[in-house]
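Me: I am new to this structure. Can you show me how to read its features, one at a time?

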Amino acid sequence: PCTPYGVMKLLEATGIETEGKHVVVLGRSNIVGRPVAALLERRNATVILCHSRTKDLPSLTKIADIVVVAVGRPNMITGEHLKEGCVVIDVGINRMEDGSLVGDADFQSCKTKASYITPVPGGVGPLTIANLLKNTYLSHVKRHL
């Protein structure tokens, strides 16, 4: 899938190692959460798959080296939820009543704790689009071989 592949390419491009790291994936959808968890496991990360009803979520996110947030709730993760120096990849995009766009992680409070954090908009979304175009092109080329 385009978005999980984009997350992996983002980690790769920034030189963020996943092997042996503790990763919390927040969101269990079949199009983002589960595939990104599987891809991270293939790269030897220790993955905990959580969701919006996970009990005591902060106790899990506070031990994570990498947090991938894809739950669909605006500003659900704050800096209080994070370990110092962790990586936050915010896949969520939510339109607020005032028309502004925010992620599932509160960017302002999370950026004080995170060593890396993706913005919303402009973070993972463009990677999703790029991978969609790539998949479309490859599908076309393979069909005409």
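Me: Which element gives the most residues to the lining of the largest pocket?
Reply: Start with the general idea. Rolling a probe the size of a water molecule over the atoms shows where empty space is left. Now the case here, in a predicted model. Helix α5 gives the most to the lining, with four residues. The largest pocket has a volume of about 370 Å³. Its lining has 27 residues, and T3, V32, V91, G92 and I93 lie nearest the centre. The elements giving two or more residues to that lining are α1 (2-13) and α5 (124-143).

Me: What classes of residue make up the lining of the largest pocket?
Reply: There are 14 nonpolar, ten polar and three charged residues.

Me: Which peptide bond is cis?
Reply: The general idea: most residues other than glycine have a negative phi, and most peptide bonds are trans. Here the bond from V120 to P121 is cis, with omega near -5 degrees. P121 sits in the loop between β7 (116-117) and α5.

Me: Where is N44 found, and what is its phi?
Reply: N44 is in the loop between α2 (33-42) and β2 (46-50). Its phi is near 65 degrees, a positive value. N75 also has a positive phi, near 55 degrees. N75 lies in the loop between β3 (66-69) and β4 (87-90).

Me: Is C110 buried or exposed?
Reply: Look at relative accessible area; under 20% counts as buried. C110 has 0%, so it is buried. C110 belongs to helix α4 (residues 107-110). Beyond its neighbours within four places in sequence, C110 has contacts that include I77, L82 and I117.

Terms used: Residues numbered from 1 in each chain as written. Predicted model: local features only at pLDDT ≥ 70, side-chain atom pairs only at ≥ 80, totals over all residues. Heavy atoms only, no water. 1 Å grid on protein atoms, 1.4 Å probe; cavity = no way out; pocket = protein on both sides within 12 Å on 5 of 7 lines; lining within 4 Å. Points joined across faces, edges and corners; volume = space filled by probe spheres on them. Nonpolar A, V, L, I, M, F, W, Y, C, P; charged D, E, K, R; others polar. Buried < 20%, exposed > 50% of the residue type's maximum accessible area, 1.4 Å probe, protein only. Contact = heavy atoms within 4.5 Å.
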